[in-house]
Every structure is written in structure tokens, then in C-alpha cells.
Amino acid sequence: MRVLLIGANGYLGRFVADRLLADPAVQLTALGRGDDADVRFDLASGSPGALTRFLDAVHPGVVINCAGAIRGGARELTRHNTVAVATICEALRRSGCGARLVQIGCGAEYGPSQPGSSTAEDAVPRPGGPYGVSKLAATELVLGSGLDAVVLRVFSPAGPGTPAGSPLGRLAEALRRAMQSGDGELKLGGLGVQRDFVDVRDVARAVHAASLSAAQGVINIGSGRAVRLRDAAAVLARVAGYGGALHELDGLPGPVRPSIGHPRTEQEHPGPVAYPYPDGCGSWQQADVRTARDRLGWRPRINLEESLADIWMEAACRI
């Protein structure tokens, strides 16, 4: 099976590439903006016609799109998350390769949900921020394209390679600094949110399964269990061997007092926050993952403690 992987150097893409390369039946070609891609192409600025010519030359059976942006202004998010996907869909429609498309969506497309509930694929999406809006627009483009396509809505990926600007990445960095300086207490904010964390290696397994399946539409990829960030912090502290006290400063992240839930940006602007929760998902999010089980034969295998241990191992190497 010839697979074209877009975004192979990203957080999710690296693990998807590793998973596919371990399959002797897969012939992998990586397309991206970096110099180490097999083919250099910028989806946000490249034309569908140019991509069509490449597709006709390579003739992949599956195209997997792991590319996109998670931070930036609305214009940048739209370019990299929506316009880029429009380019892929149009190129596939024009091409004679007939490739199947596996698009990586996200749980932020759903927006806030009721505490205690599990969000299924038939829930009405109400994204609470520009990132979720840009990803939802991409999903709608894929679903309306008429292609053989599936969208995997990945909830909160965790594990090795977790970005430093993510909630768990910032938590690990805060612990590292506290242990390095010998602080006996660590004050953190924004620990009240509950998210559905799923290991990035399990996500890669789901992508591999989706590429081999005939499933179409939207499929949630998560653990099926919401975890309070406060509890994840306690597990991470135990894994790290941190003997100090954890103190929660407040319930919500904010720009005046940066917290674990507030992603790092180029500048911190004083004043009101447009979205109380940076991912636009409110205080609670939990995936209903029965569709992934039934249609992909997929279940998460790696528990959160193992994911957190791998996050800490990487953070500890920076001491």
C-alpha cells in the first residue's frame, strides 16, 4: 500500500510515520514544508493543480493529513487548518489516483460539553475558539467532498513529544524548574479543567487502522475518560519524585497569572481573555469512543501514567 503522509514532522505525524514504517506492506512518502520531507509542498500557499500532478505521479492509495497549526491568530489558523485541507480535497477530486483520505480532526471541534457527559460523533459541534472553528471547517470540507474519507477527531494527545506549550508540557516544565531550584512548593493555576487524554502512540494506531478500513465520516479517538488536570499533576509529581507541595492558585487560566492551561504565545497581552479556556472546550471534555471500537477495532492501550512518565523523562533530560 502506497501512503502519502502530510505533516510527518509534526507532533502526531512523527508517531504516525513510525507506525506506518513498521508495516512492511506500506510504502511511505512524506510531503511537507521542511527540508527533510520527501517532497516539499506548502498546502497553505500551494495550488491544488500542483498537488494533483504530484498525486497522479505517485498514485497513493491513502493520503493521511496530520498537518496543521494549533496556535496563532484566526487568519493563520484558517490558512493552515482550513485552506490547506481545501487544497487537499480539490487535488484529490482532480486526481485519478482515487486515494482514500484520512484527516486528523480534534476534540476542540465539539466545544464545551456538560460535565459528566461523553461526547459522541452525532453531537452538534459548537467550537468555543478560533482553533476549533478552523478544524471544524476542515472537517466539513472533507465530509462534503464526495471522497472516500474519514475524519479522526483526536481529543487531548499526550505522551512522548508533548509540546512544551500544551497543558501537560507546561506542567512538566514547571516541575522541572521547581526540582532544579529546590523549591518545596509549586503554585499552579488552571488545574480544575478535565480533559480526555489519549497517548499519541495510540493515536498513531488509530490512524493506521483507519487507513486500512472502509470507515467513513467522523470517528472519535480518545481514552473515553475525563481526567482532572489537578490529578494529572499529582501523578506527574509522583512519577518525577517531587516531594514538595502542589498548591492551586485559581480555577481559570488567565493572562495576568499564567497557568498550566494557558498556552504560551509570542506576547502576553494584559486585559480580558476572549476564551476562558484556551482550547475553547470549557471545563469538561470526554469522548465517547464506541465508534472507534466498532468500526476500526481500536481501543486505547497506554494508560495516562505511562504517558506522563514519558513526558517527564523528556522534561528531566533538560535539567
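Student: What should I know about the model before we start?

Tutor: The model is predicted, so local features need pLDDT of at least 70 and side-chain atom pairs count only at pLDDT 80 or more, while totals for chains, interfaces and linings use all residues. Residues are numbered from 1 along each chain as its sequence is written, and side-chain values use heavy atoms, with hydrogens and water left out.

Student: Why are α3 and α4 called roughly parallel to each other?

Tutor: The axes of α3 (residues 74-94) and α4 (residues 130-143) cross at roughly 10° and come within 9 Å. Angles under 35 degrees count as roughly parallel, over 145 as roughly antiparallel, 65 to 115 as roughly perpendicular and the rest as oblique. Hence α3 and α4 are roughly parallel. Axes are lines fitted to C-alpha atoms, for helices over the stretch in contact, and angles run from 0 to 180 degrees between N-to-C directions. Helices are DSSP runs of H or I with at least four residues, strands are runs of E with at least two, and both are numbered from the N terminus.

Student: What makes α1 oblique to α6?

Tutor: The axes of α1 (residues 11-21) and α6 (residues 200-212) cross at roughly 60° and come within 8 Å. That angle makes α1 oblique to α6.

Student: Which residues of α1 and α6 meet?

Tutor: Contact means heavy atoms within 4.5 Å. Among the residues that meet are Phe15 and Arg19 in α1 and Val203 and His208 in α6. The contact of α1 with α6 divides into 9 nonpolar, 1 polar and 3 charged residues. Here Ala, Val, Leu, Ile, Met, Phe, Trp, Tyr, Cys and Pro count as nonpolar, Asp, Glu, Lys and Arg as charged, and the others, Gly among them, as polar.

Student: Why does Val154 count as buried?

Tutor: Buried means under 20% relative accessible area, exposed over 50%, and partly exposed in between, with a 1.4 Å probe and protein chains only. Val154 has 3% relative accessibility, so Val154 counts as buried. Val154 is found in strand β6 (residues 149-154), and the residues it touches include Ile104, Val203 and Ile221.

Student: What makes β7 and β11 stand at the edges of their sheet?

Tutor: The open sheet has 3 strands in the order β7-β9-β11, with mixed pairing. β7 (156-158) and β11 (226-228) each have a single partner strand, so one side of each is left without a neighbour in the sheet. Two strands pair if DSSP finds at least two bridges between them, and 3 bridges join β9 (residues 194-199) to β11.

Terms used
Lists of a residue's contacts leave out its neighbours within four places in sequence.
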